[in-house]
Amino acid sequence: MTVQGIPSPGDGLRLHLNENTGGCSERVMEAIRALRGTDIATYPDYRHDVAAVGRHFGVDPDWLVLTNGLDEGIFLAAIATFGRAHDASLEAIVPVPAFDPYLTATAAVDAVTIRIPPGPDFAFPADAVIAAVTPKTRLIFLNTPNNPTGQTIPREVLRRIIAAAPQATVVIDEAYVEFDPAGSVLDELPRHANVIIGRTFSKAYGLAGMRIGVLIGHPERLEAIRAVTPVFNMNTVAMTALHAALADTTFLPAYVAAVDDSRRRLYAACERLGIAYWPSAANFVLMHVGTRASEIVAHLAGRGVHVRDRSKDPHSPGCIRVTAGVTAHTDQAVAALEAVVAAGLVETRSTR
Ligand SMILES: Cc1ncc(COP(=O)(O)O)c(C=O)c1O
């Protein structure tokens, strides 16, 4: 059942939303437990948290805006770009398959949205994106590593798109970049006045329930975003969690290593079972299971393993997406996959 748009699969192993399957740092929990009633009764003052996040990313505080999850950041980028433009012909570009909120956000502000399909094997359609840029282009959503494919966009390609669209804001969503740190272009952000990088603490840091995202960019580029950001969009519990998460320097590398191990286990299982998959730079793996994908997702759920059905997206037909987290959870997923293959539900490489 879906209430207020929230996908709720019920009990079981949550491998459908790319969360941290092991939970957050214990230090986060300790910090939250230490909060007092008066902390909660007052409106949050998170100026020092903005500064701490700036230090974390190596930028001054005026180079970032904290958002209520990167989801909010995506909507703010769309509102800031199109909300006051009073020109219904302005365009956004979204390479697909994509994280749904890019399309929801551009639709919400009535932007003309140009969807660019991928090349073979989800190759990033660099030339097609550049060819789609017009004087009317105002916003481009790029996502590396990409959800749902796990593919990365090479740095030279990002540079070409950024250079081709100086009149647009290029949002580079790096929600999963902790799993592939070399893929981040944060280091060259000072050279790109039209880029906003999106980051989140939901994934590798395990703080999805806290809703903490960040937009990072040149202060002038962020002005329009600040103008539409609700005051007090972050809350005290989340900021307390964030502070503790940043202080725990062992949590992140340990989880990134676990995810790497889990991805390899998923690849090995796919090879063994004959399931086509795409090697991923993120904490999930996209697999091609064929025409009975939705049935397979239901079957896996029946075994207590919830995965994401991506088969209805015209650009990822027959696909499911499985989160790679704690290795014991991955082993449970592999066992469930083995069962659906044994039941003959999966179009394996040999049955296709
Ligand atoms: C590509 C991408 N961007 C942004 C988000 C949203 O992150 P947050 O939890 O910070 O809203 C997600 C979450 O699934 C995502 O996959």
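Here is a short chat about a cavity and a helix pair in this predicted model.

Colleague: Happy to look at this with you! How many cavities of 30 Å³ or more does the whole structure hold?

Modeller: Good place to begin, and keep in mind that the model is predicted. A search of the whole structure for cavities of 30 Å³ or more finds 1.

Colleague: Which residues lie nearest the centre of the largest cavity?

Modeller: The space in the largest cavity is about 170 Å³. Its lining is made up of 18 residues, and those nearest the centre are P95, P97, F124, P125 and N146.

Colleague: How does that lining divide into nonpolar, polar and charged residues, and which element gives the largest share?

Modeller: By class, the lining of the largest cavity has 13 nonpolar residues, 5 polar and no charged. The largest share is 3 residues, and they come from strand 7 (residues 137–143).

Colleague: Now to the helices: are helix 3 and helix 9 roughly parallel or roughly antiparallel?

Modeller: The axes of helix 3 (residues 47–57) and helix 9 (residues 236–247) come within 11 Å of each other and cross at roughly 30°. Angles under 35 degrees count as roughly parallel. Therefore helix 3 and helix 9 are roughly parallel.

Terms used. Residues numbered from 1 in each chain as written. Predicted model: local features only at pLDDT ≥ 70, side-chain atom pairs only at ≥ 80, totals over all residues. Heavy atoms only, no water. 1 Å grid on protein atoms, 1.4 Å probe; cavity = no way out; pocket = protein on both sides within 12 Å on 5 of 7 lines; lining within 4 Å. Points joined across faces, edges and corners; volume = space filled by probe spheres on them. Helix = DSSP H or I, 4+ residues; strand = E, 2+ residues; numbered from the N terminus. Nonpolar A, V, L, I, M, F, W, Y, C, P; charged D, E, K, R; others polar. Axes fitted to C-alpha atoms, helices over the stretch in contact; angles between N-to-C directions. Parallel < 35°, antiparallel > 145°, perpendicular 65-115°, else oblique.
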